[in-house]
Amino acid sequence: MTSTASDKRSDKNQTAAGKAVDTYLIRRLYFFLAPYKWFLLLALFLTLGGAFLGPLRPYLIQIAVDDHIAQGDVPGLGRIMLFFTGVLLLETVILIGNTYLMRWIGQGALFRLREALFTKIQSLHVQFFDKNPIGRLITRTTSDIEALSDLLSSGVVNIIGDLFRIIFIIGFMLSMSWELSLVSLSVLPILIYATFWFKARVRVAFLNVRDQIARLHSFVQEHIGGMSIVQLFGREKKEAEKFERINKEHADAHIKTIFYFAIFWPAVEVIASLAMALVIWYGGAQALAGQVTFGVLLAFIQYVRQFFVPIRDLSEKFNTLQSALASSERIFGVLDTPDELPEKADAKKPERMEGYVRFENVTFRYNAGEQEVLREASFEVKPGEIVAIVGATGAGKTTIINLLLRFYDVSSGRIIVDGIDIREMKQSTLRSYFGLVLQDNLLFAGTIMDNITLGNEDISREHVQRTATMVQADRFIKKLPGGYMHRITERGTSLSMGQRQLICFVRALVYDPAILILDEATSNVDSETEYLVSKALETMMKGRTSLVIAHRLSTIQHADKILVMHKGRIRETGTHQELLTHKDGIYRRLYELQYRDQTKPAV
């Protein structure tokens with residue numbers, strides 16, 4: 001087989017696959033339009049009415065010229081003009097009503113799609129966000145969905161309307177003169193070839209455009225979030241050069257689509273002009289010979305003009321369709337992301353929350369074939385115990401927390417909470433056991449009260465204030481304008497690091513969790529605030545199971561048990577005093593490194 005034949009077969013296969021994908025995506029998009037199906041039928045009916053009334057006007061003009069003007073029938077001309085005016089008014093009313101109806105339907109469908117996408121993103125496992133840039137996900141929920149606006153608001157229905165308008169035009173033309181109709185439509189093969197050439201190239205171009213938009217959003221989001229680092233290290237020029245490259249590729253992708261339209265639209269105009277010239281040439285000769293009337297020739301000239309209007313509209317709507325399908329392909333890619341942490345249908349729920357935790361030979365690696373970050377970890381935390389986890393960076397401390405909260409699933413072994421394997425519990429039930437305070441104190445734009453309760457109306461203001469008083473946060477909150485209703489900016493940048501951390505303490509404790517997790521929770525507060533928080537935590541951790549990750553060993557000396565980790569393994573276990581007795585132990589070395597300028601520990 002020759003390479004040319006092989007290429008042609010490959011192109012056919014790709015075209016068939018593309019059509020199958022397009023049909024599949026349109027069917028899936030219809031799901032979001034389904035609640036409006038009766039309104040869609042009404043819109044379709046109105047569209048078909050408008051598609052008929054437009055081609056009716058040249059037909060009425062032909063009747064007015066041949067049957068009334070040529071015959072000198074003034075009363076008849078008045079009646080036909082009155083009817084013509086009525087058709088224009090009805091067409092205007094249909095156009096206004098149909099435009100409003102379709103936009104209303106489209107916005108409703110976009111609302112459902114945007115809600116479904118955001119809900120899906122919230123339910124995805126943490127590992128998904130490790131692999132997908134935040135800017136790309138922002139693109140999916142904003143510009144990709146907006147790219148569907150025209151398609152869902154008017155695209156499909158108007159495409160059907162344009163197709164029927166073409167059919168009605170051809171029908172009226174054939175009813176007047178089949179010969180002149182064939183002459184007018186003789187340019188269709190050229191138009192069909194140009195359309196298929198355009199379609200084959202513009203789809204690929206639009207897919208590339210969506211990719212470049214996602215890259216651009218990812219870069220901008222990442223660098224605005226890290227602007228302080230960029231400016232601190234004087235990287236403005238280098239980052240601007242990177243942005244210039246990404247921006248140029250983005251612009252080039254758009255220019256490529258513009259190139260195809262720059263060829264296609266003038267081609268349609270030339271073909272339309274050719275059709276008009278043929279009608280005037282052949283129809284004029286027929287009119288002079290008396291074989292067609294002047295009214296028919298006048299109507300055909302208008303029909304040729306009308307015929308290429310929906311053709312141009314269809315090319316623009318094809319632009320919309322291709323952009324929308326490229327976006328929907330990426331949106332459904334997110335919606336179809338499998339849940340790598342599946343929940344059992346018969347998920348269990350403990351009878352009561354006691355706060356018992358046990359790790360049984362737990363091993364974990366982030367991806368298959370990668371090195372294990374946690375190896376055969378086994379320990380237990382009894383209800384009410386305070387257990388601290390220490391170790392160098394990368395030892396596996398935070399991994400233990402991520403596995404316990406089931407942000408990831410263990411590679412082997414199992415984790416038990418109150419006698420139940422956490423894989424047999426609903427994730428929402430499991431996580432309701434925990435109060436978590438991280439080193440990265442994330443706050444949202446809104447009031448302090450909203451940031452503490454996260455919109456939970458069951459938590460009273462009095463309960464929030466009592467909890468804030470316990471962790472010494474009430475002092476500074478009362479001094480803020482508006483107190484608990486004081487509005488803070490995104491990520492809480494209007495507050496100090498210590499104030500943000502204290503609010504995170506209140507947020508964790510206000511839910512009265514059975515198990516409290518502190519991951520470097522006091523690392524971002526000053527010494528005075530740390531002392532106040534430590535005193536408050538001593539009260540809060542009494543009778544509550546607590547897991548504390550800390551680099552500063554002074555904060556965990558009173559723990560019931562300390563787990564010392566090194567390279568993914570638990571190497572030592574014991575109390576602060578017990579671990580200090582091991583002269584060559586890891587914990588003692590860590591302690592001496594932190595206190596080498598002070599008196600050596602007594603053993």
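1. Which residues have the most contacts inside the largest nonpolar core? They are Leu148 and Phe308, in a core of 77 residues. The model is predicted, and the points below should be read as computed from it.

2. Several helices build this core. Those that give two or more residues are helix 1 (3-33), helix 2 (37-69), helix 3 (74-123), helix 7 (149-176), helix 8 (178-185), helix 9 (188-225), helix 11 (236-288) and helix 12 (294-335). Helix 12 supplies the largest share, 20 residues.

3. Take Leu148 next. Neighbours within four places in sequence are set aside here. Leu148 then contacts Leu29, Leu110 and Leu113, along with Ala324, Ser328 and Ile331.

4. Now the largest pocket. Its space comes to about 2600 Å³. The lining counts 50 residues, and the closest to the pocket centre are Phe407, Leu438, Leu442, Phe444 and Arg507.

5. Which elements give two or more residues to the lining of the largest pocket? They are helix 3, helix 4 (126-131), helix 5 (134-141), helix 9, helix 13 (397-404), helix 14 (427-431), strand 6 (434-437) and helix 18 (497-509). Helix 18 gives the most, with five residues.

Terms used: Residues are numbered from 1 along each chain as its sequence is written. This is a predicted model: local features need pLDDT of at least 70, side-chain atom pairs count only at pLDDT 80 or more; totals for chains, interfaces and linings use all residues. Side-chain values use heavy atoms; hydrogens and water are left out. A nonpolar core is a set of buried Ala, Val, Leu, Ile, Met, Phe, Trp, Tyr and Cys residues joined through side-chain atoms within 4.5 Å. Buried means under 20% relative accessible area, exposed over 50%, partly exposed in between (1.4 Å probe, protein chains only). Helices (H or I, at least four residues) and strands (E, at least two) are DSSP runs, numbered from the N terminus. Contact means heavy atoms within 4.5 Å. On a 1 Å grid over the protein atoms alone, a cavity is a set of points where a 1.4 Å probe fits but cannot get out, and a pocket is an open set with protein on both sides within 12 Å along at least five of seven lines; lining residues have an atom within 4 Å of a point. Grid points are joined across faces, edges and corners, and a volume is the space filled by probe spheres set on the points.
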